[in-house]
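Subject: The structure I promised you

Hi,

Here is the structure we talked about, with the sequence alongside. Have a look at it first, and then read on for what turned up.

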Amino acid sequence: MGKREYPSFIIDKERFKLRQLNEKEAYEFLKWYVDHMDERIAILKDFIDSDPEMKDKINLDFSAESLIPLNKWLARQIIKESKGFQWMKERFNEKDWLVHQLIINGNIFTNEIIKISVDIAYYWAKVFLVNYPKLYWGIITPKQLPEYALPNMPGLFGFDDEEFFQPCHMTHIVILKILDNPNECYLFDTYKYWKENFLKEDVKK
């Protein structure tokens, strides 16, 4: 039996060209993206549960603590992929969701890790949303902030100091850190940092 590939999240690129969307189209895209959240998290859970190398099941119950074993699992996928690394230009599949958004600084990941990272980002966002109901999905459009580097990418609003948490971009950063140090728990540590610095009122309660 061959290696099971992670299911791609396919976007209609003719309908949704992120940097070219007008205001109305951008919010249509946001709704489309959010509507797929639970479906994609279920795919992530199923893929992890079916991993033959998993000795203990990961309870993805949307608690902050669930980010710790999830981070360890993600690190193992990155290590496995790096052992058989091929340049993205040889494996690139234009239909894979947010590939062009995730490769933003010249670093090249395998297609498999990019596909996994999309649903890790969904789960990470859901952990925030479940634990802090005041948070909500939104976007920053070019009309709202013309110089913003990542326009129309879904993220979470409702943090203190008007901070905006973009799960896909933050997951990209976590993967870069894991490449340098796979033993650290960046998903949980980053969650804790945002909780302590940008959800201060909730922390005090």
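What share of the 205 residues in the protein chain is buried? The answer is 49%. Please keep in mind that this is a predicted model.

The protein chain has nine helices and two strands, and along the sequence they follow the pattern α-α-α-α-α-α-β-β-α-α-α. If you take the contacts with a separation of 6 or more, 66% of them are between residues 24 or more positions apart.

Now the aromatics. Searching the whole structure gives 21 aromatic pairs. One of them is phenylalanine 47 with tryptophan 73, an edge-to-face pair with 6.1 Å centre to centre and 80° between the planes. Phenylalanine 47 sits in helix H2 (residues 37-49) and tryptophan 73 in helix H3 (residues 67-83), so this pair ties together parts that are 26 residues apart in sequence. Phenylalanine 47 has a relative accessible area of 9%, so it counts as buried. Tryptophan 73 is buried too, with a value of 0%.

On the H6 side you'll find Ile120, Trp124, Val127, Phe128 and Asn131; they meet Leu187, Thr190, Tyr191 and Trp194 in H8.

Next, the loop between H2 and H3, which is where serine 63 lies. Is serine 63 buried or exposed? Its relative accessibility is 18%, and the cut-off for buried is under 20%, so serine 63 counts as buried. Its side chain makes a polar contact with the side chain of aspartate 61, at 2.7 Å. Leaving out residues up to four places away in sequence, serine 63 touches Tyr123, Val127 and Asn131. Val127 and Asn131 are also among the H6 residues that meet H8. While you are looking there, check phenylalanine 62: the charged end of lysine 126 sits over its ring, 4.8 Å from the centre.

Last stop, tryptophan 137. You'll find it in strand E1 (residues 136-138), and with a relative accessible area of 13% it is buried. What does tryptophan 137 contact, leaving aside its neighbours within four places in sequence? The list is Leu30, Tyr33, Val34, Met37, Ala125, Leu129, Pro154, Gly155, Leu156 and Pro167. As for glycine 158, its C-alpha atom is 8.9 Å from that of tryptophan 137, and the two residues are 21 apart along the chain.

That's what I have for now.

Cheers

Notes: Residues numbered from 1 in each chain as written. Predicted model: local features only at pLDDT ≥ 70, side-chain atom pairs only at ≥ 80, totals over all residues. Heavy atoms only, no water. Phe/Tyr/Trp six-rings, centres within 6.5 Å; stacked < 30°, edge-to-face > 60°. Helix = DSSP H or I, 4+ residues; strand = E, 2+ residues; numbered from the N terminus. Buried < 20%, exposed > 50% of the residue type's maximum accessible area, 1.4 Å probe, protein only. Lys NZ or Arg CZ within 6 Å of the ring centre and 35° of its normal. Polar contact = N/O pair within 3.5 Å; in protein donor to acceptor, adjacent residues only side chain to side chain. Contact = heavy atoms within 4.5 Å.
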